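Hello,

Here is the structure for your files. My notes on it follow below.

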Amino acid sequence: MGETASTRAARLSDVARLAGVSAATASRALNGSDRGVREVNRVKVLEAAKILGYTTNVAAQAVARGRNRGVTLVVKSMPDDYANPIIAGVVTAAQRRGLPVTITSAGTDPADLVESVHNARSHRPEILMITGGRATDDSTIPELVDALERYEAEGGRVVLITQPGLPFDTVAYENRKGGYDMATTLAGLGYRDFAVISGMKHGITQRDRTDGFIDGLAEAGIRISADRILIGDFSRDAAYAMTGDLLRRGIPVDAIFAVNDAMALGVLTFLRDAGRSIAVAGFDDIKALRDVTPSLTTVHLPWDQVADEALTMGMGPRGDEPRTIMIEGHVVVRESTPPVTP
């Protein structure tokens, strides 16, 4: 008995026939080609594919485009505990889609990131993701943009997990709002004398979280002076040292906000070593906090959602304009910031 469309796996020609379009149009609609497909036809093709149970052959598409199947994730230098949830999220999201992931570190020098992009271009992955913060004084940005634009011109897809502003699809965090929400939450718990462990002077993430926190305090009628905002490296050890400097100056403080959890852990450790009791809050809600005592108040970021959104963007067609998806976190109050009793 001959094979029919109902007794074998659906083919592209079956999808095209059911949608009433050419096989070429069906292929472009399913593989995210940049060549124009009318929206009405795209919808018809996707619906037909769903009805027939047709799934695209990702490996074949990669070969056709001259690219290696999978994702390369470039991780810029950042605290290990911060990087881990991003890496884990991307790997998990990719595994659900049957895509292999290659992970590479870009080091601490901004020029290292440009070099990592050049290396990725030579390996020709389908999707190139970059995660990590940017600095306002980074002179390598034009070179980075040029390298990424060349990569996309060669058929690859770029997705950034970072701050918005570069001309590529981006998943970004609502850093300023997270800082604002933390400030209003702590003020609502009764705290009034604050300090901020803010990290690198030119870091955009640190700046936005700090500025949001200052705005939130202002909303609560609290002013924080410049001597209470400490600038240093974006790390646990730097935060440990900055906390010591803060307390040696004799500044009265009842709550310290660190702009990431790794730094908050440095603050907690110094306070424990010094025998001091001061409220501490962080930002990110990294998994390492499960083993911390007291449990840390922080801004929870939905890492799995971040990774899933980024990979969905990378597997879809590139639009006429770069898209930015903003991911919002929420404050989780824990033991490190008990309500202030009158």
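**Ser198 and its surroundings**

The side chains of Ser198 and Thr210 make a polar contact with each other, at 2.6 Å. Please keep in mind that this is a predicted model.

Ser198 belongs to strand S6, which covers residues 194–199. With a relative accessibility of 4%, Ser198 counts as buried, since the cut-off for that class is under 20%. Beyond its neighbours within four places in sequence, Ser198 is in contact with Gln206, Thr210, Ile229, Leu230, Ile231, Val259 and Met263.

**Strand S6**

Is the rest of S6 buried or exposed? Six of the six residues of S6 are buried, so the strand is largely enclosed by the rest of the structure. In a regular strand, side chains alternate between the two faces of the sheet. In S6, Phe194, Val196 and Ser198 point one way, while Ala195, Ile197 and Gly199 point the other way. The residues on both sides are all buried.

S6 has pairing partners as follows:

- Strand S8 (residues 255–258) runs parallel to S6 and is joined to it by four bridges. Within this pairing, Ala195 has Ile256 of S8 as its bridge partner.
- Strand S7 (residues 229–231) also pairs with S6 in the parallel sense, over three bridges. Here Gly199 has Ile231 of S7 as its bridge partner.

To get from S6 to S7, the chain passes through helix H9 (residues 204–219), and this β-α-β crossover is right-handed.

**Aromatic pairs**

How many aromatic pairs does the structure hold? There are four. Two of them are described here.

In the pair Phe213 and Phe257, the ring centres are 4.5 Å apart and the planes are at 15 degrees, so the pair is stacked. Phe213 is in helix H9 and Phe257 is in strand S8, so this pair ties together parts that lie 44 residues apart in sequence. Phe213 is buried, with a relative accessible area of 0%, and Phe257 is buried too, also with a value of 0%.

In the pair Tyr240 and Phe270, the ring centres are 5.1 Å apart and the planes are at 80 degrees, so the pair is edge-to-face. Tyr240 is in helix H10 (residues 236–248) and Phe270 is in helix H11 (residues 261–274), so this pair ties together parts that are 30 residues apart in sequence. Tyr240 counts as partly exposed, at 25% relative accessibility, whereas Phe270 counts as buried, at 14%.

Ring pairs also link Phe194, Phe213 and Phe257 into a cluster. Of these, Phe194 is one of the buried residues of S6.

One ring has a charge over it: the charged end of Arg209 sits over the ring of Phe283, 3.7 Å from its centre.

Where does Asp193 lie? Asp193 is in the loop between helix H8 (175–188) and S6. At 34% relative accessibility, Asp193 counts as partly exposed. Leaving out residues up to four places away in sequence, Asp193 touches Arg228, Pro252, Val253, Asp254 and Ala255. For one of these, Val253, the separation from Asp193 is 60 residues in sequence and 4.9 Å in space, C-alpha to C-alpha.

Arg207 is in helix H9 and counts as partly exposed, at 38% relative accessibility. Arg207 and Val259 are 52 residues apart in sequence, with 9.1 Å between them in space, C-alpha to C-alpha. Val259 is also among the residues in contact with Ser198.

**The protein as a whole**

The secondary structure comes to twelve helices and twelve strands. The protein has 342 residues, and buried residues make up 49% of them. Among contacts in the protein with a separation of 6 or more, 73% are between residues 24 or more positions apart.

Regards

Methods:
Residues numbered from 1 in each chain as written. Predicted model: local features only at pLDDT ≥ 70, side-chain atom pairs only at ≥ 80, totals over all residues. Heavy atoms only, no water. Helix = DSSP H or I, 4+ residues; strand = E, 2+ residues; numbered from the N terminus. Buried < 20%, exposed > 50% of the residue type's maximum accessible area, 1.4 Å probe, protein only. Polar contact = N/O pair within 3.5 Å; in protein donor to acceptor, adjacent residues only side chain to side chain. Contact = heavy atoms within 4.5 Å. Pairing = 2+ DSSP bridges. Right-handed = clockwise from strand over helix to strand, strands pointing away. Phe/Tyr/Trp six-rings, centres within 6.5 Å; stacked < 30°, edge-to-face > 60°. Lys NZ or Arg CZ within 6 Å of the ring centre and 35° of its normal.
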